[in-house]
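Please read the points below alongside the sequence and the model.

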Amino acid sequence: MAGIEIRSLRKQFGDLHAVDGVDLSIRDGEFLVLLGSSGSGKTTLLRMIAGLERPTAGEIHIGGERVDGDVPPRARGIAMVFQSYALYPHRTVFKNIAFPLEAVRTPRKQIEEKVRWAADMFSITRYLDRYPRQLSGGERQRVALCRALVRDPKVFLLDEPLANLDAKLRNTARDDLKRFQRRIQTTTVYVTHDQVEAMGLGDRIVVMEHGKVRQVGTPQEVYEDPVDTFVATFVGQPPMNLLDLRDASLPAGTLVGFRPEHLLPRSVFGPGEDLRTLRFSVRRVEYLGSDRYVYGSVLESAAPDATVIAKLPANIALAIPEGETHEFAVPRRLLRYFDAATGLRRPP
Amino acid sequence: MTPRRTLADREEVLGGVMLAPALAYVILLVGVPFVLAIVLSFSDATAGSLRFGWAGLRNYAAILADPIFLRALRNTAVVTIGSQVLVVVLATAAAQVFRTTFRGKRFARFVLLLPWAVPVSLAAIAWTWIFDSTFSVINWTLKAAGLLHGWLYWLGEPGLALLAIIIVQAWRIFPFATVIVLAGLSSIPQEIVEAAIVDGAGFWRRLFQVELPLLLPVVTVAVLFGVVYTATDLGVVYILTGGGPANTTHVLPTLAFQRGILGADLGQGAAIAVFLLPFLIVVAIAMLRLARRAEVGAR
């Protein structure tokens, strides 16, 4: 068990600053998700923690021990699960899981016990004699987790382990993974570009862009209190609406942000609520079963063409004819304000 | 634009036309001599006469009773196996070197491939100088390094001569094998190698338990090529030792040439040459089966 301390970590590939000064403190037993689009530096950061990539500058401490520099991956007390699972195709499931134990010369009997214990935990005992190519994606993923588990690592490093599963399987795999981590309570760093995964799994989320950390916080903090417009639009689906409402009460160059699910017809709100009403010119309504997405533009906006999305839950049955202007509203306490020039949060 | 159908439109004809040269080549220059060799091996034909009499298995009986033939058969096996073992070890090592990036890699790769490009006879002539009894650069170097007392007569002693042949054959096949192994190495997914690193496997464990098993099908193909090239090669032995000293370093192709062409006994020469065939077929089948079995996870 160990936390991870990362101090002003940098990695340059030629002129590219893949990781550009990251400071991060990962608590013991925490499930931390690195979230970013491709090229944000999240995978490079993970690979530096693993020791597969050497930092250009900065420090990494795992469990209080400094490991950047010459400590090889095997001595860092980490285990890693790769996106492709990287199972050894010429070895059976048993031999795959046993490999890290063989590498540290564990007695055969102990290997046998440990492999069975891990396989039992992920209920893959009946596949132990099979080869990886005879397994489905979900089963391979569990074998990869088993192989990581038997090392008794201080830290789990997971690089998009659910990305190769089909959408149906991903939900249950996510749940399995989270329950597994709660049970063994090992510090886990998880890389993903999928914000749903990040929200669902992370104790805390680190949002990265261009090699820099934009925000660190619980899923709730990141979603409800984004520190800038990047985080506001990156997290959440559909993204937060950002508008310049040319409001006299606000300083010039202020963007007002609100989540699509907070923009609702004026009539659904109670009388006592402090509302910001908006005239919403509806272009199109998309019926999605549990929700309706309403696309249109807000007439008060400085850019009246900018698309604004409202997300109406199914229990609002109100008819919204397309091509008409409706009175919508957002509760004022849910409005977020950003500086249009810097993108940073601004007090209301 | 011609409105009529041209040859290029008629694929069934075009295919035949384009295949014809290759087919003619195979039939005339491989098939016919092959059948001829088998027929000749059962005859008492000689060079310089058109007489052709049926000899049954007499040629085979004669060569099997001949100690020089048995020695040549053994030499063929020793040279082939010895050179291929050397090739596999060297090619795997060289491929590891060429996988990394270093200054002058392109030039090194060019140099590596040179032996493959040099005609066998020219190379063999150069090697006769390297192994020369008076001017051997190997002896000179060993002497200068203080490792050799006395003198090695490379091509004058049967054991050393055989070793010299193995070295030249390995040198000749090595670049090709390296290229094949290098291609095999680059087809191993990087994540699998990294997983092995994270799993705590050191260089040797990674090499023997991850990379080599995954390379096995590819290495088998390289060795199969090497076996065929080496076992059927005439030039190296012919130029280096000529089968000498005292017929101790003959391999089947040189002995077949000596008996059949120089000695004019076509029947016996053909019998010696044909003797390679079952030997190579067995090796080829065994190795192809091995390659298929080793193919990643199949069973």
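1. The bend at a residue is the angle between two fitted axes, one through the seven residues ending there and one through the seven starting there. By that criterion, helix α1 of chain B has a kink of about 40° at B:A20, shortly before the proline B:P21. The model discussed here is a predicted one.

2. Helix α1 of chain B covers residues 11-41, a total of 31 residues. From first C-alpha to last, α1(B) reaches 42 Å, close to the 45 Å expected at 1.5 Å a residue.

3. Helix α12 of chain B, residues 266-274, is mostly covered, with seven of its nine residues buried. The buried residues of α12(B) are B:G267, B:Q268, B:G269, B:A270, B:A271, B:I272 and B:V274.

4. Chain A contains eight helices and 18 strands. Its C-alpha atoms fill a box of roughly 75 × 45 × 35 Å along the principal axes. Of the 348 residues in chain A, 53% are buried. Among chain A contacts between residues at least 6 apart in sequence, 64% join residues at least 24 apart.

5. In chain A, helix α4 (residues 137-149) and helix α5 (residues 167-184) have axes that come within 11 Å and cross at roughly 15°. Because angles under 35 degrees count as roughly parallel, α4(A) is described as roughly parallel to α5(A). The contact involves A:G138, A:Q141, A:L145 and A:L149 from α4(A), and A:L169, A:A173, A:L177, A:F180 and A:I184 from α5(A). The crossing of α4(A) past α5(A) is right-handed.

Note on methods:
Residues numbered from 1 in each chain as written. Chains lettered and ligands numbered in written order. Predicted model: local features only at pLDDT ≥ 70, side-chain atom pairs only at ≥ 80, totals over all residues. Heavy atoms only, no water. Buried < 20%, exposed > 50% of the residue type's maximum accessible area, 1.4 Å probe, protein only. Helix = DSSP H or I, 4+ residues; strand = E, 2+ residues; numbered from the N terminus. Expected span 1.5 Å × (residues − 1). Axes fitted to C-alpha atoms, helices over the stretch in contact; angles between N-to-C directions. Parallel < 35°, antiparallel > 145°, perpendicular 65-115°, else oblique. Left-handed = near helix turned anticlockwise from the far one by under 90°. Contact = heavy atoms within 4.5 Å.
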